[in-house]
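Biologist: I am new to this structure and should like to understand the terms used to describe it. May I put some questions to you?

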Amino acid sequence: MRLVLEKLLRDGRDDALLRFTLGSICLQEGDGETAILHFQRAIEFDPTYSAAWKLRGAAMLKLNRIEEARRTWTEGRAVAEQKGDLQVAREITVFLKRLDRQCTAANRSEPET
């Protein structure tokens with residue numbers, strides 16, 4: 001499927017849905033860097049594409065880019081709320097809470113110097 005979509009892209013078709021779908025496939029395949037690029041392009045096409053914001057943050061987290069994930073999700077949640085996409089806003093809120101708990105737990109387990 002990825003190859004078919006990449007061919008569409010090479011053939012000149014480029015839009016938010018194509019980029020979102022490619023990003024989703026790349027994320028599932030473990031290619032986080034490429035996923036981030038596709039999600040970013042989807043957001044450039046449609047800044048209100050809340051699902052792209054959500055998965056862009058997930059890709060960043062997979063690459064251990066924690067602060068970038070937090071910023072992306074924070075902005076994405078605001079976009080989702082403004083758009084009225086309450087489901088995505090709730091999901092992002094859950095992701096942010098989990099991230100905060102993980103960071104707090106990691107800070108507790110670090111030895112003091």
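Biologist: Among contacts in the chain between residues at least 6 apart in sequence, what percentage join residues at least 24 apart?

Modeller: The share is 45%, where contact means heavy atoms within 4.5 Å. This is a predicted model, in which local features need pLDDT of at least 70 and side-chain atom pairs count only at pLDDT 80 or more, while totals for chains, interfaces and linings use all residues. Residues are numbered from 1 along each chain as its sequence is written, and side-chain values use heavy atoms, with hydrogens and water left out.

Biologist: Which elements make up the chain, and in what order do they run?

Modeller: The chain has 6 helices and 0 strands, and from the N terminus on the elements run α-α-α-α-α-α. Helices (H or I, at least four residues) and strands (E, at least two) are DSSP runs, numbered from the N terminus. The C-alpha trace spans about 55 × 30 × 20 Å along its principal axes.

Biologist: What makes methionine 1 buried or exposed?

Modeller: Its relative accessible area is 67%, so methionine 1 counts as exposed. Methionine 1 is found in the segment before H1.

Biologist: How do H1 and H2 pack, by angle and by distance between their axes?

Modeller: Helix H1 (residues 2–10) and helix H2 (residues 16–28) pack at an angle of about 145°, with their axes 10 Å apart. Axes are lines fitted to C-alpha atoms, for helices over the stretch in contact, and angles run from 0 to 180 degrees between N-to-C directions. Residues of H1 including Leu5, Leu8 and Leu9 meet residues of H2, among them Leu18, Leu22 and Ile25.

Biologist: How do you know that the length of H6 agrees with its number of residues?

Modeller: The expected span of a helix is 1.5 Å times one less than its number of residues. Helix H6 (residues 86–109) has 24 residues and should therefore span 34 Å; its end C-alpha atoms are 35 Å apart, which agrees.

Biologist: Which residues of H6 are buried, and what covers them?

Modeller: In H6, Val88, Ala89, Ile92, Leu96, Leu99 and Cys103 are buried. Their cover includes helix H4 (50–62) and helix H5 (66–83). The buried residues of H5 include Trp73 and Val79, and what covers the buried residues of H5 includes H4 and H6.

Biologist: What follows H5?

Modeller: Glycine 84 follows H5, and its phi is positive, near 90°.

Note on methods:
Buried means under 20% relative accessible area, exposed over 50%, partly exposed in between (1.4 Å probe, protein chains only).
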